[in-house]
Amino acid sequence: MSEMIIKNGYVFDPISGIKGDKKDISIKDGKIVDKVSNKAEVIDASGKTVMAGGVDIHTHIVGPKVNLGREMRPEDKLFRGDFRGGILKQGKRMEMGFSIPSTWKTGYSYARMGYTYANEAAMPPLLAPHVHEEIRDTPIIDVSAMPVFGNNWFCFEYIKNKEIENNAAYVSWLLNATKGIAIKIVNPGGTEAWAWGDNCVTINDPVPYFDITPAEIIKGLIETNEYLGLPHSIHLHGNNLGNPGCYETTLATLKLAEGFNPKNKFGREQVLHNTHIQFHSYKGDSWANFESGAKEIMDYVNSNKKITVDTGCVTLDETTTMTADGPFEYHLNQLNHIKWANVDVELETGSGIVPYIYDKNIKVCGIQWAIGLEIALYANDLMRVHLTTDHPNAGPFTRYPRVIKWLMSQKARDATLNTMKWKDKVIAATNLASMDRELDLYEIAMMTRAGPAKALGLSSMYGSLAKGADANIAIYDLDSAKMPSDPEMIESAFSNTIYTIKEGVVVVKDKKIVAEPHNYTLWTKVNMPENAQVMHDIKEKFTRNYTVNLENYAVFDEHIHNPRAIEVEVA
Amino acid sequence: MPKVIENVGCPYCGCSCDDVRVTVSDDGKKVLEVENVCAIGTEIFKHGSSDHRIRSPRLRQPDGSMKDITYEEAIEWTAQHLYKAKKPLMYGFGSTNCEGQAAAARVMEAAGGMLDNCATICHGPSFLAIFDNGYPTCTLGEVKNRADVIVYWGSNPAHAHPRHMSRYSIFPRGFFTGKGQKKRTVIVIDPRYTDTANVADYHLQVKQGHDYELFDAFRMVVNGHGNDLPDEVAGIKKEKILEVAEIMKNARFGTTFFGMGLTHSDGRNHNIDIAISLTRDLNKVSKWTIMAMRGHYNIAGPGVVWSWTFGFPYCLDLTKKDHAHMNPGETSSVDMAMRDEVDMFINIGTDAGAHFPIPAVKHLKKHPWVTIDPSINMASEISDLHIPVCICGVDVGGIVYRMDNVPIQFRKVIDNQGLLDDETLLNRIADRLDELNAQGA
Amino acid sequence: MTEKKTLNMITQRAVEEGIAMEIGKTSKQYFDACNIIEMNEQDMKELGIMKNTNVRVTSESGEVIVKAVVARQTVYPGLCHIRQGVWANQVVPPRTQSTGAPQYSGFPVTVVPAPNERLKTALQLVQGAVGMWKGE
């Protein structure tokens, strides 16, 4: 019966179309409602910016490769406690780590930035119980996780045989077994090739033995996704990431979506979400003539409503790269000679981890930084272009406020450019310096809450201040009528909310954690008739090839933390 | 009617086998039969339901005898001593489930103490190498399905991981390895002619403590300098080194399993470090992975759980309560014991009384000693307080991490008959510490 | 025939030790499995040690009486092995080279015949070390 009203704030809610009007937000029993009684707790948001809680569509925060990154990098914990920017304990548990924070720090840090939901970018199905253990120890925010399918032996065989219905049955079985939310694809085919030391760098390179191409895998999974009508589209990390000239692979990849239409009951309008597209927007053919392909990529994205992307912005930090693109990580280690970890996972996927320093004084890093921002600044529709850093690959998620600052202030971008040793070369290889566009708060709201929620098919619950949505709200110390001229104030405002509210409970007040209420594991529950052929195939592969028994594979109910299922009916 | 329970996990070694079949009595209290398990696993399940299980905490009396007390009293005793201690150490966790390990983290953060696990005397040097040099590895199913060359270096699975060779590495027929052992080449590098060497194709009887030189020799060959090798390195002839290195270079998929032969000898982490470098070198010409043969069914667990909780896998200094510090050598259990820095010791899911060098045991015994463990063992028999708990896989379930960090979900097969599990016990100790901290503040 | 020769000691797992440990460290099986030193046959001859008789093993940090055997898992001359456990840890040096891991493998010992010395039980060794042993 608890009621709350947030009064007089400048509200930015793209889902409802509210562009900075002064409006009251009413909350009852954890949901947004039309109005409340006069017994409601009052929060005065006069002169402040009010948005829905942030939604992070792609971040690596829970799971085995994230954790191996933590384990292998004690130096990532150098700044701790009150030493140089570490956090003194605010919540129930201590906070450790910079580029790969502990699960406790992850939840607290997102909450302090006004985020209330994060989507784990990649879950290796065999290791799903690990992901769920970490979700349990991540406070405050709701979390979902996407199992990876792009190097899965079952999918290879079903797609190769054009058995989409069987593939759909397998996908829905796996989503249930792992309590996953969507179809994630990473370096399709290439990570299976990497199990033999190989890769697939174009969408037509066949996978060793399985003889299927990345193009076929992607199209097969788009078709599967729409057959099932899942809330989200396929979420794709395409082939040839990170190499000069890769923008051509990216365009060829994006074009694969042209033959398909979104089919779902969740308001989703895209059939393909291309993640961290900064890493896929490189022109040139070597590091010497490396340059931005952001314009070419965004010309295509702008004219294709059925594509959404997230930026993957580089933040110019020392950080940790980690991805299921195993061969890319080996390649990166051969470039920078910093310690390399790798975990190939039977029948399913792989991963690699390599620390990386995005040094502003290295030309290539400066260009990467510029490309990430160009992606957003070229965008016509920011509902389809979401703000991420592919945490921690291009930078820690705690730098989102810094990225927002850069997007909202050309002065801030110039200031950063001016610190670069090779500023002139960076400018020559990119377009950023000549772009004077500055995003406004409404567009930032699109990039950081409304857009991701809609692309995930969850805008009735998240990223929205419309009636019926979860009462997840962030109140920032920014007066939209009198925006500060110093861009640093933008970064500091987005770094620490005045209030973060999660389902109607104040969790952050005056920049500090004040409550840790329960939170959910979101997953997609597909209700479809059992498929005897697929069940037979599953049993056979477990008996012969897996090293874990079938009955121990699906995550036991007792290990799922507060599950919240999004239900999908398939005839 | 006796019940058959399938897909049971075995709580002994790092194989963490999950295909065990257990027949239990109708009343759910006794294990009648165990199948698919090695000889050691059989003993665990038998012992787990034996009439001799300790079912009540016991407190040492002034005359040296033990007196049964309640769990409540044991929790109070432990919490009070933790609260008063300046630098208490909780160590062990080879045989606790992850839920227990997470609860232990809560306890020692609240108490402001030291938190360490068996890796500190086991694969700790492997961690040190991983911190510097990374870890190119895979899950055991990749070995089963792909590997045609297997190296066991300083590892004797015939004795320490009895089903390893049959479940994962040498004998199984996997997807790309349909001919099983016939198409695999097995290389054992060990100063002893072990039972594992006995089933190998090659046994290199390396001079004990000189593995580093032999790794270096292999690296020379992989990097094209084999001709510059001396006639003999670490007791192995040059021709043999060249022959074996060629096999490794020409592998379709190779895996090096390593164990205490490397981590316990002179050089410790440097032995692992160069093994990792060799693996990385081999990936230039072939496909190779490396894997630590973790000893216990869930000794990978605390490393995993504490990494996500604190950012470090072992040797944790939580004394400041608001941040964690790790510095093996400084914050490692045996070193702290030898320097008399610990003023309370909790031995959990292990037996430091038997497995620490006895001088360390003597130092620790100068202070209050609690043992949290289902068994009568050396630690319990010198403890001030012995608190029995459930055995993971027998009377409590939970998640455990196999040696390749794959999480295995264990089930319980018999009723706990009043025994507490680690998670419940430790959470209650943590709750009590929270209360004491709030009062004392 | 008797001389003091330094041997190189390692301590490792054995499946018999594993089984016995699960039966219990105070059991006879554990006693039988772990109070053994596995030696090279040639070394035993040179040191005047008869097979299956007791010896005194001394290291820089302690000593222990164990039974000398020639094992199926043979060691080369100069190497010897006591299975990990209570008897081994009477002599394992606690020095860790600052890594946390004691010198479980690769430490110098002398091994001399002690055929008339009795083997001590696990409890006697451990409780005895900390002044808690009540037996004779």
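Of the two pairs of chains in contact, chains A and B share the most contacts. Chains A and C do not touch. Their nearest C-alpha atoms are 15 Å apart. Keep in mind that this is a predicted model.

Let me start with chain B. Three of its strands form an open sheet, in the order S1-S2-S3. The pairing is antiparallel. S1 and S3 of chain B are the edge strands, and each pairs on one side only. On average, neighbouring strands of this sheet are turned by 20° against each other, ignoring direction.

Now the pairing itself. S1 of chain B covers residues 3-8, and four bridges join S1(B) to S2(B). Lys3(B) stands opposite Val24(B) in S2(B). Ile5(B) stands opposite Val22(B). On to the other partner. S3 of chain B spans residues 31-35, and four bridges join S2(B) to S3(B) as well. Here Val22(B) stands opposite Val34(B). So how covered is S2(B), residues 20-24? Mostly covered: four of its five residues are buried.

S2(B) and S3(B) make a hairpin, with six residues between the strands. In that hairpin, Gly28(B) takes a positive phi near 70°.

Next, chain A, and a helix pair. Two packed helices are described by the angle between their axes and the distance between the axes. Take H4(A), residues 153-160, and H7(A), residues 214-228. They pack at an angle of about 85°, and their axes are 10 Å apart. Angles of 65 to 115 degrees count as roughly perpendicular, and H4(A) and H7(A) are therefore roughly perpendicular to each other. Which residues make the contact? From H4(A), they are Cys155(A), Phe156(A) and Ile159(A). From H7(A), they are Glu216(A), Ile217(A), Gly220(A) and Leu221(A).

Staying by H4(A), look at the loop that links H4 to helix H5 (164-178) of chain A. Lys162(A) lies in that loop. Its phi is near 60°, a positive value in a residue other than glycine. Buried or exposed, then, for Lys162(A)? Exposed, with a relative accessible area of 71%.

There is another such residue in chain A. His337(A) has a phi near 55°, again positive and again not a glycine. His337(A) is in the loop between helix H10 (326-336) and strand S16 (340-344) of chain A. At 63% relative accessibility, His337(A) counts as exposed, because the cut-off for exposed is over 50%.

One more backbone item. A cis peptide bond joins His391(A) and Pro392(A), with omega about -5°. Pro392(A) is placed in the loop between strand S18 (385-386) and helix H12 (400-408) of chain A.

Last, the arginine. Arg449(A) is found in helix H15 of chain A, residues 441-455. Arg449(A) is buried, yet has no salt bridge. Where is the nearest side chain of opposite charge? That is Asp13(A), 8.5 Å away. The salt-bridge cut-off is 4 Å. What does Arg449(A) touch, leaving out residues up to four places away in sequence? Its contacts include Met51(A), Ala52(A), Gly53(A), Gly54(A) and Val55(A). Gly114(A) is also touched, as are Gly463(A), Ala474(A) and Tyr476(A).

To recap the places to look at: the S1-S2-S3 sheet in chain B, the H4(A) and H7(A) packing, and Arg449(A), buried with no salt bridge.

Conventions: Residues are numbered from 1 along each chain as its sequence is written. Chains are lettered from A and ligands numbered from 1 in the order in which they are written. This is a predicted model: local features need pLDDT of at least 70, side-chain atom pairs count only at pLDDT 80 or more; totals for chains, interfaces and linings use all residues. Side-chain values use heavy atoms; hydrogens and water are left out. Helices (H or I, at least four residues) and strands (E, at least two) are DSSP runs, numbered from the N terminus. Buried means under 20% relative accessible area, exposed over 50%, partly exposed in between (1.4 Å probe, protein chains only). Lys and Arg count as positive and Asp and Glu as negative; His and the chain ends are not counted. Contact means heavy atoms within 4.5 Å. Two strands pair if DSSP finds at least two bridges between them. Axes are lines fitted to C-alpha atoms, for helices over the stretch in contact, and angles run from 0 to 180 degrees between N-to-C directions. Angles under 35 degrees count as roughly parallel, over 145 as roughly antiparallel, 65 to 115 as roughly perpendicular and the rest as oblique.
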